[in-house]
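Please read the following account alongside the sequence and the model.

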Amino acid sequence: MAQYVRVTEDESLPAIEVPTEADGTILLSTLQAQFPGACGLRYKNPETDSWRGIRLLENMLCPPAEEGWGGHLYVVVQKNDSTSKRKIEESPNTKAEPETKMTKISSPEDGLGDLIVLGLPWKTTAEDMKEYFQKFGEIVMAEVKMDYGSSKSRGFGFVNFKDPEVAKTVLSQVHRIQGRLCEVRLPRCKQEFMPKKLFVGRLPDSTNEGDLLDYFSKFGEVIDVYIPKPMRGISFVTFASGEVAKKVQSQNHRLGSNLLNVNFAEPKAAKNVHMPSPADMQSMSQNSLPGWGGMGFPEMYGMGSWNNAGRQNMPYNASAAYNSMMQSMMNMGNPSGASNMMANRHGRR
């Protein structure tokens, strides 16, 4: 019996359910019927938040070995005809590399890509869209997304213009298609979530921020350059545009005699901070001195009891910790108890 798998072009867009074959695989032709140009699928591993690719074998997409297709949302992988970068893992002991690896790969300036058209009338076809938008300029593609089961319009589509300037003009105007007001904008993934900060490693020891600014400014506007001190051969470069950052990251770069390691900067992992549970806080409240609202601070800091001397000898960080724990209690569902203790403490000052 056929199973249906949720597939989308972009996580911000509605999914289409694609049928499997009797053996559980998905034919590549079935996928391409709904997503022209598709060459594969991927999904996010919920445990690591990393992308996992789906194996393609003889034009058949095989389900994940461990759990089958499951309830994951699968994202289409599109063919990319542009020259792609080969990642270079440079060994410290490597003295020479093939020149083909060292040459910077150039590509023409990227356009805006597909524009999403929202709020289309149900009767609008791809030809209707093309007829409407061709008055602005030459169209590369116009497509209305259709529901797999009913073959009816899903109320949105995509249009791509050959000239990026035409696309900018279309974005700046109001559009009414077959009597209905429609919204035209960049897909959300391109517009909002593209990283702009790059990590740059393997810098020459003599590199300064001015050198990096001079080098990377030729690709686009640079808004920040930071080299941690003491110099460890690394830096961070932030661009004004995510598209520019993506283009820079996809190329090879050399500064002096060093082949640079350029990747998107990853945010620091949040430190694991242990906060007491409500049961722990209740136990602390019952077993400690009342003068401190039941939080056990006098014993913790050797102050014996709550008095003027103890209050003046209280470390500053103890006071800050007290305030933090009170706020945590309020967030954990006991606002009245925390508020009363805070009020009692401030009343004594």
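**Layout of the chain**

The chain has twelve helices and 19 strands; helices (H or I, at least four residues) and strands (E, at least two) are DSSP runs, numbered from the N terminus. This is a predicted model, in which local features need pLDDT of at least 70 and side-chain atom pairs count only at pLDDT 80 or more, while totals for chains, interfaces and linings use all residues. Residues are numbered from 1 along each chain as its sequence is written, and side-chain values use heavy atoms, with hydrogens and water left out.

Of the 349 residues in the chain, 37% are buried. Buried means under 20% relative accessible area, exposed over 50%, and partly exposed in between (1.4 Å probe, protein chains only). Among contacts in the chain with a separation of 6 or more, 60% come from residues 24 or more positions apart; contact means heavy atoms within 4.5 Å.

Start with the open sheet of four strands, whose order is β15-β16-β14-β19 and whose pairing is antiparallel. Two strands pair if DSSP finds at least two bridges between them. At the edges are β15 (222-226) and β19 (261-264), each of which pairs on one side only. On average, neighbouring strands of this sheet are turned by 20° against each other, direction ignored. Axes are lines fitted to C-alpha atoms, for helices over the stretch in contact, and angles run from 0 to 180 degrees between N-to-C directions.

Strand β14 (residues 197-201) pairs with β19 in the antiparallel sense over four bridges. Phe199 stands opposite Asn263 in β19, and Leu198 has Phe264 of β19 as its bridge partner. β14 also pairs with β16, in the antiparallel sense and over five bridges. Here Phe199 stands opposite Phe236 in β16.

Which strands does helix α6 touch where it packs on the sheet? Helix α6 (residues 209-216) touches β14, β15 and β16 (234-239), and its direction makes about 145° with that of β15. Helix α7 (residues 242-249) also packs on the sheet, touching β14, β16 and β19, and its direction makes about 140° with that of β19.

The N-terminal end of α7 is capped by Ser241, with a side-chain oxygen 3.1 Å from the backbone nitrogen of Glu243. Within α7, the residues Gly242, Val244, Ala245, Val248 and Gln249 are buried. Seen down the axis of α7, its buried residues fall within an arc of 155°, so they line one face of the helix; the arc is that of the directions from the helix axis to the C-beta atoms. An α-helix has 3.6 residues a turn, so residues three or four places apart point the same way. The buried residues of α7 pack against β14, α6, β16 and β19.

Gln249, in helix α7, is buried, with a relative accessible area of 13%. Its side chain is joined to that of Asn263 by a polar contact of 3.3 Å. A polar contact is a pair of N or O atoms within 3.5 Å; within protein, one must be able to donate a hydrogen and the other to accept it, and residues adjacent in sequence count only if both atoms are side-chain atoms.

Strand β10 (residues 139-146) and strand β11 (residues 153-161) run antiparallel and are joined by six bridges. Ile139 stands opposite Phe161 in β11. The hairpin of β10 and β11 has six residues between the strands, and Ser151 takes a positive phi near 60° there.

Asp163 caps the N-terminal end of α4, where a side-chain oxygen lies 3.0 Å from the backbone nitrogen of Glu165. In helix α4 (residues 164-171), the residues Val166, Ala167 and Val170 are buried. Seen down the axis of α4, these fall within an arc of 100°, so they line one face of the helix. Among the elements that cover the buried residues of α4 are β9 (115-118), α3 (126-133), β11, β12 (175-177) and β13 (180-185).

Another open sheet has three strands in the order β3-β7-β6, with antiparallel pairing. Its edge strands, β3 (26-27) and β6 (56-57), each pair on one side only. β3 and strand β7 (residues 60-61) pair over two bridges, and Ile26 stands opposite Leu61 in β7.

How many disulfides does a search of the whole structure find? The search finds zero, a disulfide being a pair of cysteine sulfur atoms within 2.5 Å. Cys39 counts as partly exposed, at 28% relative accessibility, whereas Cys182 is buried, with a relative accessible area of 8%.
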